Amino acid sequence: MLTFSVSEFKERMARTKQRMLDAGVDMLMITDPANMNYLTGYDAWSFYVHQMLIVMLNEEQPIWVGRGQDASAAEYTTWLDGDHIIPYGDHYVQSAVRHPMDFVCDLLKGRKRDKQTIAVELDAYYFTARSYMQLTQGLPDAKFKDGTNMVNWVRIIKSDQEITYIKKAAEISEKAMHVAFETIDEGVRECDVVAAISHAQIRGTEDFGGDYPSIVPLLPTGEKTSAAHLTWTDDRFKHGDPAIIELAGCYRRYHSPLARTVVIGQPSDDMKYVSDVVVEGINTVLDAVKPGISCEELEIIWRRVIERRGIKKESRMGYSMGLNYPPDWGEHTASLRPGDRTILEPNMTFHLIPGIWMDNMGVEISESFLVTESGCTILADFPRELYVKPNIRLA
């Protein structure tokens, strides 16, 4: 079930260990499921219980630690041998008297690894305050450092195989967006539109199916389009309603997000104006993407376009994306915003989503793109405009 060659996993391990050396750490404890997947291939819906990947400088293979009933998933999906798949008993699961990190501490003590410098992902979603407390109490002779995003920065440059997966995800996002526009209409329930989107996301194409995306379809409607991250209700669409549709295709845990805005009936003058500004800004930024430009330089280009048209935007306008698990498809590394001096390189992938949200309306039109040797490639092929239904135009 390996999604990449063992040699690619080993190369990722080597780059991770180099970052560990640079940071002066002997061991890296990983709880971010995307980073666990990246280094081993591990793929299961088991992140609701505590699990960990332990990378040691002087061991070729990392150690997977997780719930006993998930050990077989590690055997099926990773390149690790049995000696590096170490399960804990179910009596550790959601217990008031013991914790899985106690098991980790005992494991490291037994291997005489309890006095090393250890990096942990302090700001990872699935690393809890209790986990940190148990580790520091159970390993009093260890020195702990913050290893947040250490592997994430290794992930930012994609391999050719990763790009293949992301391009397949983009095909799924195209199909899902087409289905969204075919389904949405006056009198249709919001939940029915999302059901159609979700079906398209999982069904994928005739050649390959889709995975569950890290974020559910977002569907703010009416005045609620001013709120970027609302989901759906069972309300029915009314004539004149605008709706923002943000979704992603997902293949082998790799994402390609896409957002568009539609109006059922005649859009307001404000919405037409803002959507024109957003499209002009996106086009200008995409024309400027190339290796060597920085994230903040792209944001400056965007800001000049919109401010010339009398609009300001405080939030970032994009971020690196790709491999991930709920609750986010972003990589938590480079952001297209002021102060981020990350230099774009070939084989980086970004979601460019310069949405504009005002007091009573919002417009989102986004593109995911791949940085190439000379510019960028837009991953999804979907017209970049405000859609009006029933006079909707589909390519």
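The backbone oxygen of Glu59 lies 2.5 Å from a polar atom of the Lys17 side chain, a polar contact (a pair of N or O atoms within 3.5 Å; within protein, one must be able to donate a hydrogen and the other to accept it, and residues adjacent in sequence count only if both atoms are side-chain atoms). This is a predicted model, in which local features need pLDDT of at least 70 and side-chain atom pairs count only at pLDDT 80 or more, while totals for chains, interfaces and linings use all residues. Residues are numbered from 1 along each chain as its sequence is written, and side-chain values use heavy atoms, with hydrogens and water left out.

Lys17 belongs to helix H1 (residues 6-23); helices are DSSP runs of H or I with at least four residues, numbered from the N terminus. Apart from residues up to four places away in sequence, Lys17 touches Val55, Met56, Leu57, Glu59 and Glu60, contact meaning heavy atoms within 4.5 Å. Lys17 has a relative accessible area of 14% and is therefore buried (buried is under 20%, exposed over 50%, partly exposed in between; 1.4 Å probe, protein chains only).

The whole structure holds 18 salt bridges (a side-chain nitrogen of Lys or Arg within 4 Å of a carboxyl oxygen of Asp or Glu). Three of them are tabulated below.

| Pair | N to O distance |
|---|---|
| Glu8 and Arg12 | 2.8 Å |
| Glu206 and Arg203 | 3.2 Å |
| Glu280 and Arg308 | 2.7 Å |

Glu280 in helix H9 (residues 269-288) and Arg308 in helix H10 (residues 295-308) are 28 residues apart. Glu8 and Arg12 both lie in helix H1, four residues apart, and both are buried.

Technical notes
Helix = DSSP H or I, 4+ residues; strand = E, 2+ residues; numbered from the N terminus.
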